[in-house]
Amino acid sequence: MFKRTQQYLSLSVVIVVLMAATTLVLTCQHYVNSRSKIVAMLKSLGASKVWIRRWLWTQVSLLFAFGSIAGVLIGMGLEFLLRVPLTDLLPSPLPSYGVTPFVMAIVSCGLIAIPSLGIPLTRLLNINAAAVMQSSVAQKVSAKRWWLVLFPVLPFLAAFASNIMVWIVLVSIAILFIALSAVSVLIIRWCRRLPLGTAFALAISRLNRSTAASGVQFGALALSLMLLATIWLVRTDLLSDWQRTLPDNAPNAFAVNISPFERESYLETLDNAEIERSEAYPIVRGRLSDINSVDAKTYAQGEDSSDALRRELNFTWGQVFPTTTNSLQDSGVAQRVFR
């Protein structure tokens, strides 16, 4: 269950990063397109490439700084609001989460922005001054600039190289993105046959003139909605599976480290307060050395081995199984311990 939870959290992080990366790429593309005429005009007025690069770098740096500050403040506010309904469930005070989440968020944003802005900005810097009058003369970016994609890809590979679920989802996302883009383009072309109003017909005509860009944007939008639905469905399924592993009468509070001379008085206090409890039992830390006269190390090898055989455990003993924890009797580990 904990392994599945960890995979779910990793999947959620990947999906959120992908959605943010898609939004950032589209935003950067719009940023570059909106400044093509401006850069061409500046070049026609005599601005050098170095001056334009410094001008664009200043704008990007200011946007990144303000965006980072706003994102950190929003993240802190959402984290604080998340604690409000959980005040009675969480310990007080909670340990500090430190600066790691903020650093990871800013670094991730920077790594994604390097190819998202670097590739189109290179094309923008190489635009011809004649593009002021005729945009078709704009120069295309060199294929050599695509190596910038390695900046976010390599850290991603290092972080999720062993998570099979993440890679399955990524392959599925790529296939779905292509399928959704193709379907959206077909729908747009089919809409031309409908009896539409003038404004709607002009909008459809505009979308059909840039088929590739429209397909990417529609595919990204549909994929984002699908990813949100995936997070919700996986979360619901994970919680349901976790609840099914717990019996109806599972305890929700535990008392440990009670001295032998305090045991009777403590139990008497619980009984006087009419608090439902299980039988008290001793606990000792230890490791499994033998299982049915076989060295436990032989069971700790292979893919089906349990992590419980490679670490210390909390052991208890008694003449009979506890009557309030029937699920313990169904546990394979418990049967091995008590045999």
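What share of the 339 residues in the chain is buried? Buried residues make up 22% of them, where buried means under 20% relative accessible area, exposed over 50% and partly exposed in between, with a 1.4 Å probe and protein chains only.

A note before the views: this is a predicted model, in which local features need pLDDT of at least 70 and side-chain atom pairs count only at pLDDT 80 or more, while totals for chains, interfaces and linings use all residues. Residues are numbered from 1 along each chain as its sequence is written, and side-chain values use heavy atoms, with hydrogens and water left out.

View 1. Helices (H or I, at least four residues) and strands (E, at least two) are DSSP runs, numbered from the N terminus. Of the contacts between residues at least 6 apart in sequence, 69% join residues at least 24 apart; contact means heavy atoms within 4.5 Å. The chain exposes about 24,400 Å², and carbon and sulfur atoms supply 65% of that area, computed by the Shrake-Rupley method with a 1.4 Å probe.

**View 2. Val39 in helix α2, residues 36–44.** Val39 counts as buried because its relative accessibility is 0%. Setting aside neighbours within four places in sequence, you will find Val39 in contact with Ile52, Trp55, Leu124 and Ile127. Look for Asn128 too: 89 residues separate it from Val39 in sequence, and the C-alpha to C-alpha distance is 8.8 Å.

**View 3. Ser68 in helix α3, residues 49–83.** With a relative accessibility of 14%, Ser68 counts as buried. Its side chain reaches the backbone oxygen of Phe64 at 2.7 Å.

**View 4. Helix α7 (residues 198–209) packing with helix α8 (residues 211–244).** The two pack at an angle of about 100°, and their axes are 5 Å apart. Axes are lines fitted to C-alpha atoms, for helices over the stretch in contact, and angles run from 0 to 180 degrees between N-to-C directions. That angle makes α7 roughly perpendicular to α8, a label for 65 to 115 degrees. On the α7 side, Leu207, Asn208 and Arg209 make the contact, and on the α8 side Thr211, Ser214 and Phe218 do. By class, the contact has two nonpolar, three polar and one charged residues. Here Ala, Val, Leu, Ile, Met, Phe, Trp, Tyr, Cys and Pro count as nonpolar, Asp, Glu, Lys and Arg as charged, and the others, Gly among them, as polar.

Definitions and conventions. Angles under 35 degrees count as roughly parallel, over 145 as roughly antiparallel, 65 to 115 as roughly perpendicular and the rest as oblique. A polar contact is a pair of N or O atoms within 3.5 Å; within protein, one must be able to donate a hydrogen and the other to accept it, and residues adjacent in sequence count only if both atoms are side-chain atoms.
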